[in-house]
Amino acid sequence: MKNIIIILISIFTLITTAYPDFNTEIWNGLQLNHPTYSSVASTIGRIRFNGMLNTFQKNIDFNFRLAISYGKDYFGSQSQMTPANDIAGDSKTLKLDTAYFSFKYSRLKIFVGLIDLISVNNYNGFFNIHYTGNENDGFFSTHFLRLLANNGLDNYYYQSIPAVVFNIDVLRNVMLKFSVTSGLSTTHLFVRNSFPVELEFDNKDIHLSLNSGFVDADTSGVHKVSPSFGVIFEKYIMSKFYFFTKYSRVEKDIKTFRTPDIVITDNYKVAEEFSPFKEHIALGIAKHKKDFGFGIGYSSLKSFGKSLPEQIIEIFVRTKAFKIFEFSPDFQYILNPDGGDRFKYMWIAGIRFYIKL
């Protein structure tokens, strides 16, 4: 597999013009967790190589990302609804993480290939908070990095997914985004699909996102469509801070012309194939400058079949040194981890080290 990746990159390098754009992200971190059987988690790390190659066609580029990561996102004796971090979880194997073509024409952008829908188009993908950073320099828990109760991205089980994405600049500050994905493309193009849609207004002082997701899975056996809806609002306040809030929820499955006549009592059968989350709300404030940033946020997440919502408070601070080196202390306090009452709380304290070259 490694040889195939090397050959593909070599071929694209040979057929492109001499205007490549590359950057490297080097991330490392440590975490302490309590109460758990083993309080010290393994060292977490990730290296990613991002590249964009200009083809002979002026408006067509090839984008790719190579990644290798190590460490754990689930650890200790207490589980969580979402990973404690958004870095680890993969094996120690270098892999082609994303690979897609981008086409630009006037107000239209089209992306086709293996795509991370969260970060496509330079971290300006679907359903994102814009001004509170990403897992490299902002909030670290997926409670704040994802619109969790919106199953349209199919991102819970797949970091990257075969997709076609359309971005349309409707007006100067208004963008319409929509996509079609194929989660089991090696089996059949329409076995498992998601259809995220987002209408976004962004003028640097206010960011508003109205979004929805529709998913369909033949493997559910009910031939229904699961809808989900969300909203994201960010406002620059007092000329110092960004306030953010987001809310999303999954609605009951909708019958289609293929739905069998037999009565099926599970109204979220399709939804649960894509994500275990039913309702999510998060809010907080953050400040970002070139060499310094911090944030504090609260999130509550409800899951199908869980008796209690998992709640989290996260605080982070980011500082910069030597122009390219950043480190970020981070603290997470979780109530009702994994939505149960076996453990009332847990906390996670860590520090991140990040370099972008």
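Accessible areas here come from the Shrake-Rupley method with a 1.4 Å probe, and for residues only the protein chains shown count as cover. With that in hand I looked up the surface first, and found that the protein chain exposes about 17600 Å², of which carbon and sulfur atoms supply 64%.

**Ground rules.** I noted that this is a predicted model, in which local features need pLDDT of at least 70 and side-chain atom pairs count only at pLDDT 80 or more, while totals for chains, interfaces and linings use all residues. Residues are numbered from 1 along each chain as its sequence is written, and side-chain values use heavy atoms, with hydrogens and water left out.

**Confidence and outline.** I looked up pLDDT, the predictor's confidence in each residue on a scale from 0 to 100, and found a mean of 83 for the protein chain, with 87% of its residues at 70 or more. I then listed the elements, taking helices (H or I, at least four residues) and strands (E, at least two) as DSSP runs numbered from the N terminus; the protein chain has four helices and 16 strands. Among these elements, the lowest mean pLDDT, 58, belongs to helix α1 (residues 2-15), and the highest, 94, to strand β11 (residues 241-250).

**Burial and contacts.** I called a residue buried under 20% relative accessible area, exposed over 50% and partly exposed in between (1.4 Å probe, protein chains only). On that scale, 46% of the 357 residues in the protein chain are buried. Counting a contact as heavy atoms within 4.5 Å, I found that residues 24 or more positions apart account for 60% of the contacts with a separation of 6 or more.

**Aromatic rings.** Rings of Phe, Tyr and Trp (its six-membered ring) pair if their centres lie within 6.5 Å, and planes under 30 degrees apart count as stacked, over 60 as edge-to-face and the rest as tilted. My search of the whole structure gave 20 aromatic pairs. Phe126 is buried at 1% relative accessibility, and Phe127 is buried at 2%. Phe139 and Phe316 have ring centres 4.9 Å apart and planes at 80°, so this pair is also edge-to-face. The pair links distant parts of the chain, 177 residues apart, with Phe139 in the loop between α2 (120-123) and α3 (142-145) and Phe316 in strand β14 (residues 310-321). I also recorded that Phe139, Phe144, Phe244 and Phe316 form one aromatic cluster.

**Charges over rings.** I required NZ of Lys or CZ of Arg within 6 Å of the ring centre and within 35 degrees of the ring normal. Arg192 lies over the face of Phe274, at 4.1 Å from the ring centre, and the charged end of Lys287 sits over the ring of Phe241, 5.6 Å from its centre.

**A buried glutamate.** Glu25 lies in strand β1 (residues 21-34) and is buried, with a relative accessible area of 5%. I looked for polar contacts, meaning pairs of N or O atoms within 3.5 Å; within protein, one must be able to donate a hydrogen and the other to accept it, and residues adjacent in sequence count only if both atoms are side-chain atoms. The side chain of Glu25 makes such a contact with the side chain of Asn50 at 3.4 Å and with that of Asn136 at 3.3 Å.

**Positive phi.** Ser106, in the loop between β4 (95-105) and β5 (108-115), has phi near 55°, a positive value in a residue other than glycine, and Ser106 is exposed at 69% relative accessibility. Phe127, in the loop between α2 and α3, has a positive phi near 60°.
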